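Biologist: I would like to learn how to read a structure like this one. Could you walk me through it?

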Amino acid sequence: MQYVFWPQSLEEGKHGSRTVVAVRESDTGWMVLALLEKQEYSSLVKAGSCEKYGFTNIGKWESSSGFTFEFSKNTALFLVKFKPPRLNLMQFYSLEPIALVLPEKDYLIGSAAGNNHNSLREFHKGSELSEFGLRKSINLINMYRKHLHRLNLASEKGHYRETSQLSLLLARGAVFRRPVTGLRRCAVYLTICAHFLAATLVTFLNMKPLKLVNFSSTAQQIDLRCRQLCYFPEQFLRINNSESSGSSQRTDVKSQTSRIRMFPCNSYPDYIRFYNTIWLIANDVSFGLSLGALLAENQCNIAVFLNDMFTRCLYERVHFVTTALSHNPLGIKLNGELAKFLSDLFLWTIDFSYSMYIKRITSTRCISIFISIVSTASCFFGVTFALAIAVDFVSFLTMHISLFYFISAKMYHWQLHVMQTLLYLFCGKKRNVLRNRVDSNLFELDQLLMGTLFFTILIFLLPTFLIFYVLFTILRLSVLLPELILEFVMALLNHFPLFVLLLRIKDPMRIPGGILLQPIGGGPEFKLKNNPLSLKQILRPYAVLLATMVDNYFTLSTFREILVGFPMTIKRHRMYRVLYSTLPEVPTKTSEVWTSLMSFTNS
Amino acid sequence: MEPRWKRLLWLKQEFPDNHTDPEFLREVSQLQKVEQIARKPSSSYQQVVIDFLLLYHRVLNTGLMYVTFTLLYYYRCDPMYFTGSLTCLSFLAATLFHYARMSLKSPLIIIFSMLVLSPVLKSLSRTTSSDSIWTISGWLTLFYVTSVSVRSQSIVSTNLLVANVAVLGSRLNSTTDVFCFLLICIELNVLLPYFERSLLERKLFIIYGATFVANSVVVYYFVALCLGWIYTTVFAFSSLTFVFGLPRYFLYWQDHYCKNEPLLSRWDAKRPILD
C-alpha cells in the first residue's frame, strides 16, 4: 500500500508527458514536488542533487491519462491531494488542534484536545494508518515549500546566487549592527526593569497571609497585567528564535538537511497568544479612552445621581426594612424581644457605618473626585481598570450589608446545628464522632430536662432568625449580582480570544484543529483538508467558566447550603483561574529572562 | 443434598402439590407445647386490669399538670407555698428512700437552669395566639400518652412532657409563675411516677393505693368544680369502662386476632408485598 501526496494545482498549465519527482522520509508516503521534463530530470540526476536531497522519480504523468505510479508495482495506490500550506503565512496542517491555552494548563478546561486524541487513535486502529506514519507525512507536507525551493535551486544550479544572497545579508547586517545593538541593549535594560517591577508586584499581591488578589478585583487586574508583562519577553523570544532559525534554514541549505526536520509551527500558538494579548490590551485602552472621556464629561450628573442612589439604597431602604422587621411584618409571628434586639443591633451598625464613612464617601464632592480618578485610570490603563475600581468601590460601600449577612448566616447556622443535636437528644440519641454515626445514649435527667427546654425555646425563636437571615441574604444577593456582571464583563475584555476569532474568519488554515480526508469520486483518491478550530473549541474557557458559575451558584447543593446557612462567598480566584490558562502559574524569574535576553541580543 | 422446600410461589420446585413440609409439623407440635405452658396464664384478666390501671394512673398524673396550669392561669393562685412544700416533700422522700441516683447536683442544676430560662420562656410565645398553643399542647399530650402506653419509662416521653410544660408555661403571666409551674410539673410527672414505681417494687401497696386515691380525688374534684357534675359522671364512667371493660376486649382480641406469635406468623397466609 502506497500513499502519494499530490499538491493541488500542480498539473495546471502542463502538457504532454512529464516525470513525477517526489520526496519522502522514512515511514512517510511520497510527496510529489514537481512534474519535470525528461531533460530537466536527467540534468538533476547528473548534478547529483537527486541523491543528495532524495528526489526520486516515482512515475509518469500524461495530460490525457493522468498519473501512473511506476516506483513499485503491484501495490495499492492512494492518491491524497492537498493544498500546499504556506509556512511563511503560518499556515500548516496538524493532527491535534492548535493549543490556545498553555499545555500545562490544559486540565483546567477539561481538555477538548484529549478527546480528539482518542478519536484519532481509534481512527488509526480502524484503518491501519499507523504503519504509514500519518504524523510524519503531515510534517513532510508542511515542509512542502522548502523542499520545492531546494528543488528549484538545484535545478537552476543556483549555488552562487545563494551565496551572494548570503553575503548581501551579512553586509547589510554589518552596516546596521552598531546602532541596532545599542538600541537593543537599551530595550533589554528597559524590559528587565519592567519585568523586575512586575514580578515584584505579582509576588506582593499574592503574598500568603493577606492574599490581596482574593479580596479586590483591582488587585486582581493589576496582577493579571503584571503577569502578562512578565510573560511578554518569554513569548517574544520564543517567536523570534524560531523565526531566526527559519531564516538560517533558508540560507544554508547545503549543510544541514537534518535541521529542516525541525517543525517550525511550534511557536505559532505563542504567536497567536502574544498578539491576542497585545490586541486585547490595545482594545482595552481604546475603550477606556472613550469611557474616560464620557465619565469626565458627565461627571456632575453622574455624581448627583450616584449620591442619590447610594443614600437611598444603602441607608434609607436598609434602615426602613430593618425597622419593619421588629414590628411583626406581614403578620408573621416573630419573637418580639429577639426581633427587637436584632433589629436594634443592625440599626445601630447601619447608623454607625453611615455616619462614619458612607455619608462622607457618597457625598457629591467625593464621588466626583472618585469619578475623575476612574476616568483617568480608564484613559491610561484601560476600561477594565475602571470596572475593577468600580467593583471594589461598590463592595467597600456595601460592607455593612455583607457584615449583616455573615452575622445572620452564622447565627442561623448555629441555631440549626444546635437544634439538630438537641433533636437527637430528644430521641435519646447522640452523635458518635469516632464512628461518624448516631448512637443511642442514656442521658441523665438533668441533661434531658435542660436539653428539651432549650430545644423548645429554639424552636420558638427559629422563625425570627430565619426571617432576618432571608432578608439579608436577599440584600446580599442584590449587591453581589451587579458585581458578578461587572466582573464577567471584565473577564470578557481581559481574555476574549479576539485574535483567534479574526484568524478563523481571515485564514482558517492558521488555526488547524485536525485534518479531514475526503474521498473524491469513489476511487482511491482523497482530498486532504484542514479542519479549522470550531467556535466551540475557541470559546471553550468561557463555556467552562459559565459551567463553573452555574455549578457554584445555581445548583441544588448551593440552594441547600443557603438553606442551611453556609455563608456564600465569591471564590474569585478559583473561578477566573480558567481564564488564566494562557499565562504560566508562576512568572519567570528576572535573572532567567536576563540571561536569555542577553544571549538573544548577542547571537 | 436434597433441595429444601421454600415458601415462595414464583419458584418452580420439584415437589408434589400436596407436599407438607416436615418442618411445619415439627413447629406446630412445638407451638402446641408453648401454648399449653406459657400462654394461658400470661394474660389473665386480673393482670390486664392492673396494667390498664397503671396506665390510667399515668394519664391522671398528666391531668394534674392541667389542673396546676388552670389554677395558675385562670384562678391566679399564688404558687409559692405549694411549690415550696412540694419541693420539700420530694427532698424528704428522696432522703427517706435513699435514692442512689439522686445526687444533690442534678436537682440544683435543674432548678437554676429553670430559674434562668423562665424569663425567656415567659416571652417566648407572646405573639402567638392562645389557640395555637392549646392545639400544640393537646397534640403533645396525645403523643406523650401514646409513648407512655408503649413504654412506661422512656426518654422520648420525658422529653415530650417537658416540651409540653415549656409550651404551656410560656402562656403564664409572671416569671415566678413560669418557674413554679415548671417545677411542680416536673415533680408531679417525673418524680412522682418514679416514686410510685419504687413503692410498687418494695411492695408497699397501701401507700401506693393512697397516692392513687389522692390523685383521683384531686382530678375528679377539680373536674367537678370546673365543668360540673355531668362531665364528671361521664368521665368517671368512661374511665371505669377503660379499666374494667376494655381488658375483656383486649383478651378476646389477643386470643383471636393477635399474630404476635413468631411461630404462628411464620406459617400463616401472608399478604403480598408490592412495591
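**A helix with a bend**

Modeller: Let us begin with a kink: α11(A) bends by about 50° at Y354(A). Please keep in mind that this is a predicted model.

Biologist: Which residues of α11(A) are buried?

Modeller: We call a residue buried if 20 or more other C-beta atoms lie within 10 Å of its own. In α11(A), that describes A339(A), L342(A), S343(A), F346(A), I350(A) and I358(A).

Biologist: And what covers the buried residues of α11(A)?

Modeller: The cover includes four helices of chain A: α10 (299-325), α13 (383-397), α14 (399-426) and α15 (445-495).

Biologist: Could we look at a single residue? Why does L338(A) count as partly exposed?

Modeller: L338(A) lies in helix α11 of chain A. It has 19 C-beta neighbours inside 10 Å, while a buried residue needs 20 or more, so L338(A) counts as partly exposed.

Biologist: What is L338(A) in contact with, leaving aside its neighbours within four places in sequence?

Modeller: Its partners there are L461(A) and T464(A). T464(A) is 126 residues from L338(A) along the chain, yet their C-alpha atoms are separated by 7.3 Å.

Biologist: How much of the contact pattern in chain A comes from residues 24 or more positions apart?

Modeller: Counting contacts with a separation of 6 or more, such pairs account for 76% in chain A. Chain A has 603 residues, and buried ones make up 30% of them. It holds 21 helices and 10 strands.

Biologist: How should I read the sides of a helix?

Modeller: An α-helix has 3.6 residues a turn, so residues three or four places apart point the same way. Take α18(A), where R540(A), P541(A) and L545(A) are the buried residues. They cover an arc of only 140° around the axis, which puts them on the same side of α18(A). On the other side of α18(A), A547(A) and V550(A) are exposed.

Biologist: What length does α18(A) reach?

Modeller: From its first C-alpha to its last, α18(A) reaches 20 Å with 14 residues, close to the 20 Å expected at 1.5 Å a residue.

**Domains and chains**

Biologist: Which domains does the assignment give for chain A?

Modeller: A domain may be listed in separate segments, as here: domain 1 is 2-98 + 134-156, domain 2 is 159-294 + 539-602, and domain 3 is 298-362 + 398-495. Between domains 2 and 3 of chain A, 15 residues of domain 2 are in contact with 14 of domain 3. On the domain 2 side, the elements giving two or more residues are α8 (217-251), α9 (268-297), α18 (540-553) and α19 (556-564) of chain A. The largest share, 3 residues, comes from α9(A). By class, this side has 12 nonpolar, 2 polar and 1 charged residues.

Biologist: How many residues of chain B are in contact with chain A?

Modeller: There are 22 in chain B, meeting 21 residues of chain A. On the chain B side, α4 (105-122) and α6 (155-169) give two or more residues each, and α6(B) has the largest share, with 8 residues. By class, the chain B side has 13 nonpolar, 8 polar and 1 charged residues.

How values were computed
Residues are numbered from 1 along each chain as its sequence is written. Chains are lettered from A and ligands numbered from 1 in the order in which they are written. This is a predicted model: local features need pLDDT of at least 70, side-chain atom pairs count only at pLDDT 80 or more; totals for chains, interfaces and linings use all residues. Domain bounds come from an automatic or database domain assignment. Two residues are in contact if their C-beta atoms, placed from the backbone, lie within 7 Å. Ala, Val, Leu, Ile, Met, Phe, Trp, Tyr, Cys and Pro count as nonpolar, Asp, Glu, Lys and Arg as charged, and the others, Gly among them, as polar. The bend at a residue is the angle between axes fitted to the seven residues ending there and the seven starting there. A residue is buried if 20 or more other C-beta atoms lie within 10 Å of its own, exposed if 12 or fewer, and partly exposed in between; C-beta atoms are placed from the backbone. The expected span of a helix is 1.5 Å times one less than its number of residues. The arc is that of the directions from the helix axis to the C-beta atoms.
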